[in-house]
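Q: Could you walk me through this one with me asking as we go? I'd like to begin with the strands and then move on to the aromatic side chains.

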Amino acid sequence: MIAEELINQMIPPLKLSDTPAKAVRWMEEFRVNQLPVVKLRQYLGLITEEDILEAKVAHESLQTVPFGYEDVFVLYNQHFYNVMETAIKNKIQVVPVLDEQREFLGVITVNDTISAFGQMSALQGQGGILVLSMNERDYSLTEISRLVESNNAKILSAYVSPDEADPYKIRLTLKMNTSDLKRIIATFERFDYRITAQFQDATDEKDDQDRLDLLLRYINI
């Protein structure tokens, strides 16, 4: 599962023309301690309750409030583990999601990440993950399984989701029983399947639990 699929559409960004009082009100409403600030869709950073309290300018604009985290974000196509690690490393409750032009796409909350971890539980265990993008009419799990099995591997589970970048395509996440994906990737490419991401040993059970423990420990701080 990638970051773009986890964006929380309920949490809007702030603008520089918004007031600190509005920012605090939104933080209370959405139960978060940070909110993103954008200017013409460009991500500027995260503003926190602490930033606003220290500035003591509740009725002015956010232009008068210094804030940071301008380099704290994930790209839309990064795995949700990157979201978890960004939240833990920076001790934030919302993780901004950007495209390659640094345009703001939305945020993912820590709770969203925990939910994603639960949804991916079926993919836990030793092995590798491939993410494919394809036209909906080209989707055939029988054919895809045949290609995987031709490389002496098996699909343990499959997860289909819309491809947010193209409404006419779907995204297929496959968990394999092997972490050596080179031959499988070569086979898919030979049959014109487009691979958008690959994670080898990304869901090792111990690593999964370590990440989740860190995230839960952060939430309980």
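Q: What's the order of the strands in the open sheet, and what kind of pairing is it?
A: In this predicted model, the open sheet has three strands in the order β1-β2-β3, and the pairing among them is mixed.

Q: And which strands stand at the edges?
A: The edge positions are taken by β1 and β3, the latter spanning 42-48. Each of the two has a single partner strand, so one side of each is left without a neighbour in the sheet.

Q: How many bridges join β2 to β3, and which way do they run?
A: Strand β2, made up of residues 34-39, is joined to β3 by six bridges, and the two strands run antiparallel. One of the residues involved is Lys39, whose bridge partner in β3 is Gln42.

Q: Where does α1 lie relative to those strands?
A: Helix α1 lies across β1, β2 and β3, and runs at about 130 degrees to β2.

Q: OK, switching to the rings: how many aromatic pairs does the structure hold?
A: There are three aromatic pairs in the structure. One of them is formed by Trp26 and Phe30, in an edge-to-face arrangement with 6.5 Å from centre to centre and 80 degrees between the planes. Both Trp26 and Phe30 belong to helix α1, which covers residues 20-30, and they sit four residues apart, about one turn of the helix.

Q: Is Trp26 buried or exposed, and why?
A: Trp26 has a relative accessible area of 17%, and because buried means under 20%, Trp26 counts as buried.

Q: Why is the pair of Phe188 and Tyr193 called edge-to-face?
A: The ring centres of Phe188 and Tyr193 are 5.5 Å apart and their planes stand at 70 degrees; since planes over 60 degrees apart count as edge-to-face, the pair is given that description. Phe188 is buried, with a relative accessible area of 0%, and Tyr193 is buried too, at 13%.

Terms used
Residues are numbered from 1 along each chain as its sequence is written. Side-chain values use heavy atoms; hydrogens and water are left out. Rings of Phe, Tyr and Trp (its six-membered ring) pair if their centres lie within 6.5 Å; planes under 30 degrees apart count as stacked, over 60 as edge-to-face and the rest as tilted. Buried means under 20% relative accessible area, exposed over 50%, partly exposed in between (1.4 Å probe, protein chains only). Two strands pair if DSSP finds at least two bridges between them. Contact means heavy atoms within 4.5 Å. Axes are lines fitted to C-alpha atoms, for helices over the stretch in contact, and angles run from 0 to 180 degrees between N-to-C directions.
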